Amino acid sequence: MHSIKENIQNVLGRMQAAVERSGYAAGSVALVAVTKNVGIDAIKEAFAAGITDIGENRVQEALGKHSLLSPLFPHIKWHMLGHLQTNKVGPAVRIFDLIHSVDSVYLAQEIGRQAKKTGKIQEILIQVNISREENKFGVDEGRLKQVIEDVAKIENVKIRGLMTIAPQNTDERGLRPIFRKIKEISAIITSAKISGVSMQYLSMGMSGDFETAIEEGANLVRIGTAIFGERNI
Ligand SMILES: *Cc1c(COP(=O)(O)O)cnc(C)c1O
(Lines give C-alpha, C1' and ligand atoms only; values in the text may rest on other atoms or scores of the structure.)
Protein backbone atom coordinates (compact mmCIF):
# COMPACT_ATOMS: atom_id res chain seq x y z
CA MET A 1 0.00 0.00 0.00
CA HIS A 2 1.58 3.26 -1.14
CA SER A 3 0.74 6.71 0.16
CA ILE A 4 -1.21 9.17 -1.93
CA LYS A 5 1.95 11.22 -2.26
CA GLU A 6 3.91 8.23 -3.58
CA ASN A 7 1.12 7.41 -6.00
CA ILE A 8 1.10 10.97 -7.33
CA GLN A 9 4.88 10.94 -7.78
CA ASN A 10 4.60 7.62 -9.58
CA VAL A 11 1.86 8.92 -11.90
CA LEU A 12 3.79 12.14 -12.63
CA GLY A 13 6.88 10.09 -13.47
CA ARG A 14 4.92 7.85 -15.84
CA MET A 15 3.29 10.93 -17.41
CA GLN A 16 6.69 12.51 -18.01
CA ALA A 17 8.05 9.34 -19.59
CA ALA A 18 5.00 9.18 -21.87
CA VAL A 19 5.46 12.85 -22.82
CA GLU A 20 9.04 12.09 -23.83
CA ARG A 21 7.87 9.21 -26.03
CA SER A 22 5.04 11.21 -27.55
CA GLY A 23 6.70 13.74 -29.80
CA TYR A 24 4.22 16.38 -28.64
CA ALA A 25 5.32 19.47 -26.67
CA ALA A 26 7.25 18.20 -23.66
CA GLY A 27 6.11 18.97 -20.16
CA SER A 28 2.74 20.30 -21.17
CA VAL A 29 0.43 17.58 -19.84
CA ALA A 30 -1.71 18.55 -16.85
CA LEU A 31 -2.99 16.12 -14.25
CA VAL A 32 -6.55 16.26 -12.94
CA ALA A 33 -6.85 14.13 -9.80
CA VAL A 34 -10.29 12.52 -9.88
CA THR A 35 -11.74 12.81 -6.38
CA LYS A 36 -15.19 11.28 -6.84
CA ASN A 37 -15.97 9.12 -3.80
CA VAL A 38 -12.74 10.31 -2.17
CA GLY A 39 -12.88 11.82 1.32
CA ILE A 40 -11.75 15.29 2.36
CA ASP A 41 -8.63 14.14 4.20
CA ALA A 42 -7.35 12.19 1.20
CA ILE A 43 -8.00 15.20 -1.03
CA LYS A 44 -6.01 17.42 1.34
CA GLU A 45 -3.16 14.91 1.19
CA ALA A 46 -3.24 15.19 -2.59
CA PHE A 47 -3.08 19.00 -2.35
CA ALA A 48 -0.10 18.71 0.00
CA ALA A 49 1.59 16.53 -2.62
CA GLY A 50 1.17 19.24 -5.24
CA ILE A 51 -2.18 18.51 -6.90
CA THR A 52 -3.72 21.74 -8.23
CA ASP A 53 -6.64 20.38 -10.25
CA ILE A 54 -9.40 18.04 -9.12
CA GLY A 55 -12.23 16.41 -11.02
CA GLU A 56 -15.67 15.38 -9.82
CA ASN A 57 -18.49 13.49 -11.51
CA ARG A 58 -21.54 14.62 -9.61
CA VAL A 59 -22.52 18.20 -8.87
CA GLN A 60 -24.12 17.35 -5.52
CA GLU A 61 -20.99 15.64 -4.19
CA ALA A 62 -18.77 18.41 -5.55
CA LEU A 63 -20.81 21.14 -3.89
CA GLY A 64 -20.25 19.68 -0.42
CA LYS A 65 -16.52 19.33 -1.00
CA HIS A 66 -16.25 22.76 -2.58
CA SER A 67 -17.82 24.49 0.42
CA LEU A 68 -15.33 22.77 2.75
CA LEU A 69 -12.21 23.04 0.59
CA SER A 70 -12.42 26.20 -1.49
CA PRO A 71 -12.04 28.65 1.45
CA LEU A 72 -8.83 26.83 2.49
CA PHE A 73 -7.51 26.13 -1.02
CA PRO A 74 -8.75 28.94 -3.23
CA HIS A 75 -6.13 28.31 -5.95
CA ILE A 76 -7.40 24.79 -6.76
CA LYS A 77 -9.09 24.36 -10.14
CA TRP A 78 -12.31 22.35 -10.20
CA HIS A 79 -13.20 20.15 -13.18
CA MET A 80 -16.63 18.70 -13.94
CA LEU A 81 -16.22 15.32 -15.62
CA GLY A 82 -19.58 13.58 -15.37
CA HIS A 83 -22.77 13.92 -17.34
CA LEU A 84 -24.39 17.25 -16.46
CA GLN A 85 -28.15 17.52 -16.12
CA THR A 86 -29.67 20.87 -17.04
CA ASN A 87 -31.22 21.32 -13.59
CA LYS A 88 -27.71 21.19 -12.04
CA VAL A 89 -26.12 23.72 -14.35
CA GLY A 90 -26.57 26.70 -11.99
CA PRO A 91 -24.47 25.28 -9.14
CA ALA A 92 -22.05 23.67 -11.61
CA VAL A 93 -21.30 27.05 -13.17
CA ARG A 94 -20.80 28.48 -9.70
CA ILE A 95 -18.04 26.04 -8.69
CA PHE A 96 -16.37 24.57 -11.78
CA ASP A 97 -13.51 26.18 -13.68
CA LEU A 98 -13.75 23.76 -16.62
CA ILE A 99 -16.73 21.58 -17.59
CA HIS A 100 -15.41 18.64 -19.66
CA SER A 101 -18.71 16.95 -20.41
CA VAL A 102 -20.71 19.28 -22.66
CA ASP A 103 -22.42 17.14 -25.26
CA SER A 104 -25.29 19.21 -26.64
CA VAL A 105 -26.07 22.71 -27.84
CA TYR A 106 -29.01 22.73 -25.45
CA LEU A 107 -26.78 22.08 -22.43
CA ALA A 108 -24.33 24.75 -23.59
CA GLN A 109 -27.20 27.24 -23.91
CA GLU A 110 -28.21 26.60 -20.32
CA ILE A 111 -24.58 26.96 -19.21
CA GLY A 112 -24.43 30.29 -21.04
CA ARG A 113 -27.68 31.44 -19.47
CA GLN A 114 -26.48 30.63 -15.94
CA ALA A 115 -22.99 32.05 -16.51
CA LYS A 116 -24.42 35.30 -17.79
CA LYS A 117 -26.15 35.90 -14.45
CA THR A 118 -22.80 36.45 -12.74
CA GLY A 119 -20.86 37.67 -15.76
CA LYS A 120 -18.74 34.53 -15.81
CA ILE A 121 -17.25 33.17 -19.03
CA GLN A 122 -17.63 29.43 -18.46
CA GLU A 123 -14.87 27.41 -20.05
CA ILE A 124 -15.98 24.07 -21.45
CA LEU A 125 -14.81 21.08 -23.42
CA ILE A 126 -17.00 19.27 -25.93
CA GLN A 127 -17.30 15.56 -25.13
CA VAL A 128 -16.75 13.41 -28.21
CA ASN A 129 -18.09 9.89 -28.52
CA ILE A 130 -16.42 7.59 -30.99
CA SER A 131 -17.38 4.28 -29.42
CA ARG A 132 -21.14 4.64 -29.34
CA GLU A 133 -21.75 1.04 -28.24
CA GLU A 134 -20.12 1.68 -24.89
CA ASN A 135 -20.70 5.31 -23.98
CA LYS A 136 -24.09 6.89 -23.79
CA PHE A 137 -22.85 10.46 -23.74
CA GLY A 138 -20.86 12.61 -26.11
CA VAL A 139 -21.27 14.08 -29.56
CA ASP A 140 -20.83 11.76 -32.56
CA GLU A 141 -17.95 12.60 -34.86
CA GLY A 142 -20.30 13.35 -37.75
CA ARG A 143 -22.16 16.07 -35.82
CA LEU A 144 -19.19 17.52 -33.99
CA LYS A 145 -18.27 20.43 -36.23
CA GLN A 146 -21.86 21.66 -36.41
CA VAL A 147 -22.28 21.38 -32.63
CA ILE A 148 -19.06 23.32 -32.08
CA GLU A 149 -20.13 26.02 -34.54
CA ASP A 150 -23.48 26.37 -32.75
CA VAL A 151 -21.98 26.38 -29.24
CA ALA A 152 -19.36 28.92 -30.33
CA LYS A 153 -22.14 31.45 -30.87
CA ILE A 154 -23.45 31.19 -27.30
CA GLU A 155 -22.56 34.09 -25.04
CA ASN A 156 -20.64 33.49 -21.79
CA VAL A 157 -19.40 30.08 -22.94
CA LYS A 158 -15.94 29.39 -24.30
CA ILE A 159 -14.87 26.13 -25.93
CA ARG A 160 -11.32 25.23 -24.89
CA GLY A 161 -11.02 21.77 -26.43
CA LEU A 162 -12.30 18.22 -26.55
CA MET A 163 -12.79 15.42 -24.05
CA THR A 164 -13.36 11.73 -24.56
CA ILE A 165 -13.89 8.66 -22.41
CA ALA A 166 -12.30 5.64 -24.04
CA PRO A 167 -14.19 2.34 -24.03
CA GLN A 168 -13.45 0.02 -21.15
CA ASN A 169 -12.27 -3.55 -21.62
CA THR A 170 -10.28 -2.49 -24.65
CA ASP A 171 -6.56 -3.16 -24.81
CA GLU A 172 -3.87 -0.74 -25.84
CA ARG A 173 -4.05 -1.89 -29.48
CA GLY A 174 -7.71 -0.96 -29.57
CA LEU A 175 -7.38 2.30 -27.65
CA ARG A 176 -4.48 3.85 -29.51
CA PRO A 177 -6.36 4.43 -32.79
CA ILE A 178 -9.25 5.95 -30.83
CA PHE A 179 -6.99 8.48 -29.09
CA ARG A 180 -5.22 9.18 -32.37
CA LYS A 181 -8.54 9.80 -34.08
CA ILE A 182 -9.61 12.34 -31.43
CA LYS A 183 -6.28 14.15 -31.82
CA GLU A 184 -6.86 14.28 -35.58
CA ILE A 185 -10.37 15.60 -35.08
CA SER A 186 -9.05 18.34 -32.79
CA ALA A 187 -6.52 19.33 -35.47
CA ILE A 188 -9.30 19.47 -38.07
CA ILE A 189 -11.38 21.72 -35.80
CA THR A 190 -8.34 23.94 -35.24
CA SER A 191 -7.82 24.32 -38.97
CA ALA A 192 -11.50 25.22 -39.43
CA LYS A 193 -10.71 28.42 -37.46
CA ILE A 194 -14.14 28.73 -35.87
CA SER A 195 -14.42 32.12 -34.24
CA GLY A 196 -13.89 32.05 -30.46
CA VAL A 197 -13.06 28.33 -30.37
CA SER A 198 -9.76 27.11 -28.96
CA MET A 199 -8.53 23.51 -29.17
CA GLN A 200 -5.95 24.05 -26.42
CA TYR A 201 -7.02 21.04 -24.34
CA LEU A 202 -7.39 17.42 -25.21
CA SER A 203 -8.79 15.67 -22.15
CA MET A 204 -8.29 11.93 -22.50
CA GLY A 205 -6.64 9.17 -20.51
CA MET A 206 -7.54 7.63 -17.15
CA SER A 207 -5.67 5.33 -14.74
CA GLY A 208 -5.65 2.38 -17.14
CA ASP A 209 -4.74 4.18 -20.33
CA PHE A 210 -3.18 7.59 -19.66
CA GLU A 211 0.24 6.72 -21.05
CA THR A 212 -1.22 5.66 -24.39
CA ALA A 213 -3.42 8.78 -24.40
CA ILE A 214 -0.41 11.07 -23.80
CA GLU A 215 1.59 9.31 -26.50
CA GLU A 216 -1.28 10.12 -28.87
CA GLY A 217 -1.56 13.78 -27.90
CA ALA A 218 -3.60 14.11 -24.68
CA ASN A 219 -2.59 17.13 -22.59
CA LEU A 220 -5.12 16.79 -19.77
CA VAL A 221 -5.37 13.40 -18.07
CA ARG A 222 -7.98 12.46 -15.45
CA ILE A 223 -6.69 10.00 -12.89
CA GLY A 224 -8.48 8.59 -9.87
CA THR A 225 -7.66 4.98 -9.02
CA ALA A 226 -3.91 5.23 -9.61
CA ILE A 227 -3.76 8.04 -7.03
CA PHE A 228 -6.40 7.20 -4.42
CA GLY A 229 -6.76 3.42 -4.86
CA GLU A 230 -9.82 1.43 -5.86
CA ARG A 231 -13.13 3.15 -5.18
CA ASN A 232 -15.52 1.24 -2.96
CA ILE A 233 -18.55 2.35 -4.92
C1 LIG B 1 -13.87 8.16 -12.77
C2 LIG B 1 -13.44 8.91 -13.95
C3 LIG B 1 -12.09 9.10 -14.23
C4 LIG B 1 -10.97 8.44 -13.43
O5 LIG B 1 -10.98 7.06 -13.61
P6 LIG B 1 -9.82 6.14 -12.99
O7 LIG B 1 -9.89 4.91 -13.81
O8 LIG B 1 -10.19 5.91 -11.55
O9 LIG B 1 -8.55 6.85 -13.12
C10 LIG B 1 -11.75 9.88 -15.32
N11 LIG B 1 -12.68 10.45 -16.10
C12 LIG B 1 -14.00 10.30 -15.86
C13 LIG B 1 -14.99 10.97 -16.75
C14 LIG B 1 -14.41 9.52 -14.79
O15 LIG B 1 -15.72 9.35 -14.58
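Modeller: Lys-193 is placed in the loop between α7 (172–192) and β8 (201–203); helices (H or I, at least four residues) and strands (E, at least two) are DSSP runs numbered from the N terminus. This is a predicted model, in which local features need pLDDT of at least 70, side-chain atom pairs count only at pLDDT 80 or more, and totals for chains, interfaces and linings use all residues. Residues are numbered from 1 along each chain as its sequence is written, and side-chain values use heavy atoms, without hydrogens and water.

Colleague: Is Lys-193 buried or exposed?

Modeller: Buried means under 20% relative accessible area, exposed over 50%, and partly exposed in between (1.4 Å probe, protein chains only). Lys-193 has a positive phi of about 50° although it is not a glycine. With a relative accessible area of 71%, Lys-193 is exposed.

Colleague: Is Asn-156 buried or exposed?

Modeller: Asn-156 lies in the loop between α6 (141–152) and β7 (157–164). Its phi, near 65°, is a positive value in a residue other than glycine. The relative accessible area of Asn-156 is 13%, so this residue is buried.

Colleague: How many charged residues does the lining of the second largest pocket have?

Modeller: Asp, Glu, Lys and Arg count as charged; Ala, Val, Leu, Ile, Met, Phe, Trp, Tyr, Cys and Pro count as nonpolar, and the others, Gly among them, as polar. By class, this lining of the second largest pocket has three nonpolar and five polar residues. The charged residues number two.
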